Amino acid sequence: MAKIRTVYLDLEDDCIDYAIEALFEKLVGNTVLSSFYDDDREQLEIQYLEKN
């Protein structure tokens, strides 16, 4: 059974390149359900459907 997962990407992070690469590795083969950018926190939230 697939599970809905949420990941957060902090865009103030010094290691942003590595964080983006790790995020894309998680998303490959999964379906992105939604994404939201919070200007105040400079944070990206992504919900995706994780396959087993």
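**Entry 1: starting with Glu-42**

Is Glu-42 buried, exposed or partly exposed? I looked this up before anything else, keeping in mind that I'm working with a predicted model. Glu-42 comes out as partly exposed, because its relative accessibility is 32% and the middle class runs between the 20% and 50% cut-offs. I then checked where it sits: Glu-42 is in the loop between S2 and S3.

Glu-42 has a positive phi of about 50°, and it isn't a glycine. I wrote myself a reminder that most residues other than glycine have a negative phi. So I've marked Glu-42 in my notes for its positive phi, remembering what most residues do.

**Entry 2: the overall layout**

Next I stepped back to see the whole chain. I found one helix and three strands in it. Going along the sequence, the order is β-α-β-β. I also looked up the dimensions: the C-alpha trace spans about 35 × 20 × 10 Å along its principal axes.

How much of the protein chain is made up of buried residues? The chain has 52 residues, and 15% of them are buried.

**Entry 3: how the strands pair**

Which way do S1 and S3 run against each other? They pair in the antiparallel sense, and I noted eight bridges for them. Strand S1 covers residues 3-10.

Then I turned to S2 and S3. These two strands are also antiparallel, with seven bridges. S2 takes in residues 31-38 and S3 takes in 43-50. I jotted down two facing pairs: Val-32 is opposite Tyr-48 of S3, and Phe-36 is opposite Glu-45 of S3.

S2 and S3 make a hairpin with four residues between the strands.

**Entry 4: a closer look at Tyr-48**

Is Tyr-48 buried or exposed? It is buried, because its relative accessibility is 3% and the cut-off for buried is under 20%. I also checked Tyr-48 against Ser-35: they are 13 residues apart in sequence, and their C-alpha atoms are 8.8 Å apart in space.

**Entry 5: salt bridges**

How many salt bridges does a search of the whole structure find? The search gives two. The idea behind them is that side chains of opposite charge can pair when their charged atoms come close.

One of them joins Arg-5 and Glu-50, with the closest N and O atoms 2.9 Å apart. Arg-5 is in strand S1 and Glu-50 is in strand S3, so this pair ties together parts that lie 45 residues apart in sequence. Both ends are partly exposed: Arg-5 has 34% relative accessibility, and Glu-50 has 24%.

In another, the side chains of Arg-41 and Asp-38 meet, at 3.9 Å from N to O. Arg-41 counts as exposed because its relative accessible area is 56%, and exposed means over 50%.

**Entry 6: a negative patch**

Which residues gather in a patch of negative charge on the surface? I listed Asp-10, Glu-12, Asp-39, Asp-40 and Glu-42. Asp-39 lies in the loop between strands S2 and S3, and it is exposed, with a relative accessible area of 59%. Glu-42 is in that list, and its place is also the loop between S2 and S3.

**Entry 7: sequence distance against space**

Asn-52 and Ala-2 are 50 residues apart along the chain, and their C-alpha atoms are separated by 5.9 Å. Asn-52 belongs to the segment after S3 and is exposed, at 70% relative accessible area.

Thr-31 lies in strand S2 and is partly exposed, with a relative accessible area of 42%.

Note on methods: Residues are numbered from 1 along each chain as its sequence is written. This is a predicted model: local features need pLDDT of at least 70, side-chain atom pairs count only at pLDDT 80 or more; totals for chains, interfaces and linings use all residues. Side-chain values use heavy atoms; hydrogens and water are left out. Patches are made of residues with over 30% relative accessible area and no salt bridge: like charges are joined within 9 Å, nonpolar side chains (Val, Leu, Ile, Met, Phe, Trp, Tyr) within 5 Å. Accessible areas come from the Shrake-Rupley method with a 1.4 Å probe; for residues, only the protein chains shown count as cover. A salt bridge is a side-chain nitrogen of Lys or Arg within 4 Å of a carboxyl oxygen of Asp or Glu. Lys and Arg count as positive and Asp and Glu as negative; His and the chain ends are not counted. The place of a charge is taken as NZ of Lys, CZ of Arg, CG of Asp or CD of Glu. Buried means under 20% relative accessible area, exposed over 50%, partly exposed in between (1.4 Å probe, protein chains only). Two strands pair if DSSP finds at least two bridges between them.
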